[in-house]
Amino acid sequence: MEYRNLNGTGLFVPALTLGTATFGGTHGFEGWGHTDVSEATRMVDMCLDAGLNMFDTADMYSRGLAEEILGKAIAGKRNRLLLATKGTFPMSDNDRNASGASRYHIIRACEASLKRLGTDHIDLYYIHGFDANTPVEETLRALDDLVSSGKVGYIGCSNFSGWHLMKSLAVSEKYGWHKYVAHQVYYSLLNRDFEWELMPLGVDQHVGTFIWSPLAAGRLGGKYRRNTPIPADGRVANGGVPVRDDVVSYELLYNIVDVLDEIAAETGKTVAQVALNWLLQRPTVCSLVIGARTEEHLKQNLGAVGWNLSEEQIKRLEEASRQPKPYPYWHQDQRPELKAQLFF
């Protein structure tokens with residue numbers, strides 16, 4: 001397993017992280033998977049044997065059940081691994097304060113996650129989404145207290161826009177508080193919006209990137225192509241995955257898969273492994289959060305590391321997946337001499 005420095009820290013993380021949204025399968029996650037404790041334990045052991053020692057979860061995954069299952073699966077192995085979890089999204093249908101990034105909720109959410117995970121500390125704690133109803137200062141001070149108490153090692157955010165992240169970093173710097181060192185985002189060959197603003201921000205501010213749904217919710221896994229389209233009545237088409245169908249161009253998908261097929265044949269790798277390896281060559285990317293509905297899926301995804309695409313293969317994939325940029329990015333492209341060169 002390749003290990004990468006988490007930008008701006010002394011921590012090293014594996015290039016692949018196991019995501020646990022498939023653990024449990026309740027409270028809106030029925031279509032994701034139903035991994036139980038025994039299967040989760042086997043997956044954890046497979047990961048550790050392969051050198052993958054980081055596990056990512058969230059309190060809202062199956063309303064806490066995913067954390068409980070992961071906690072049982074890592075029992076007796078805590079000193080061998082890194083744990084990441086998240087808080088912000090609703091944990092109750094009735095309590096309005098059981099969500100958001102207020103001090104009230106975040107402190108309680110972290111304590112509850114610690115209990116479910118069966119540990120006394122979380123290595124990387126994320127704010128799962130920006131809460132516009134809570135002052136940034138309130139959220140960051142609460143997180144700073146969690147770090148100072150030893151309950152959290154590092155803090156990160158997820159699904160922030162550029163100004164959300166930049167404002168948060170500025171506030172942390174102003175008061176001398178711990179700052180976000182990681183941003184967990186959606187990024188794939190199929191949707192490259194991350195590159196327009198968040199990637200340059202990460203380079204400039206030394207924020208490491210963790211990628212969720214690197215295979216575009218399975219669309220880049222090799223199962224779907226022009227002559228084998230996604231079923232209209234399947235879970236992908238009906239929103240049972242984190243990447244909505246209405247943000248996807250299927251003509252673009254099929255064009256990308258055509259090139260992935262070619263490169264898979266050239267490298268002897270699977271389509272999914274090629275798509276994952278492309279992401280691992282991108283600036284700021286520290287780790288890909290891979291999901292696995294089965295142990296076989298996990299085994300296949302682990303094969304995405306230990307080799308690299310050639311520059312020519314990377315270029316072909318970039319060309320196949322390129323999309324028009326929104327303003328002001330297309331306008332900025334007209335003055336390349338003013339832009340930092342981020343890509344190889």
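User: Which residues of helix α6 are buried?
Analyst: Let's begin with some background: this is a predicted model, where local features need pLDDT of at least 70, side-chain atom pairs count only at pLDDT 80 or more, and totals for chains, interfaces and linings use all residues. Residues are numbered from 1 along each chain as its sequence is written, and side-chain values use heavy atoms, with hydrogens and water left out. Helices (H or I, at least four residues) and strands (E, at least two) are DSSP runs numbered from the N terminus. With buried meaning under 20% relative accessible area, exposed over 50% and partly exposed in between (1.4 Å probe, protein chains only), the buried residues of α6 are L198, M199, L201, G202 and Q205.

User: Nice. What covers that side, and which residue follows α6?
Analyst: Contact here means heavy atoms within 4.5 Å, and the cover of the buried residues of α6 includes α5 (162-175) and β8.

User: Which strand does the chain reach from β8 through α6?
Analyst: Two strands pair if DSSP finds at least two bridges between them, and β8 (residues 180-186) is joined by five bridges to a parallel partner, β9. The chain crosses from β8 through α6 (residues 198-205) in a right-handed β-α-β crossover. Right-handed means that, with the strands pointing away from the viewer, the path from the first strand over the helix to the second runs clockwise. The strand reached is β9.

User: How many residues of β9 are buried?
Analyst: In a regular strand the side chains alternate between the two faces of the sheet. In β9 (residues 208-212), G208, F210 and W212 are buried on one side, and T209 and I211 are buried on the other. The count for this mostly covered strand is five of five.

User: Which residue of β10 is the bridge partner of W212?
Analyst: β9 and β10 (residues 285-290) run parallel and are joined by four bridges. Within that pairing, W212 has as its bridge partner V289.

User: W212 interests me; which residues does P242 contact beyond its neighbours within four places in sequence?
Analyst: P242 lies in the loop between β9 and α7 (250-267). It counts as partly exposed, because its relative accessibility is 34%. Its contacts beyond those neighbours are W32, W212, S213 and A217.

User: How far apart are the end C-alpha atoms of α3?
Analyst: The expected span of a helix is 1.5 Å times one less than its number of residues. For the 15 residues of α3 (residues 103-117) this gives 21 Å, so the model agrees, its end C-alpha atoms being apart by 21 Å.

User: Which residues of α3 are buried, and what arc do they cover?
Analyst: The buried ones are H105, I106, A109, C110, S113, L114, R116 and L117. They lie on the same side of α3, because they cover an arc of only 165°.

User: Finally, what is the radius of gyration of the chain?
Analyst: The chain has eleven helices and ten strands. The radius of gyration is taken over C-alpha atoms, and the globule rule is 2.2 Å times the number of residues to the power 0.38. For 344 residues that rule gives 20 Å, so the chain is as compact as a globular protein of that length, with a radius of gyration of 20 Å.

Definitions and conventions. Arc of directions from axis to C-beta.
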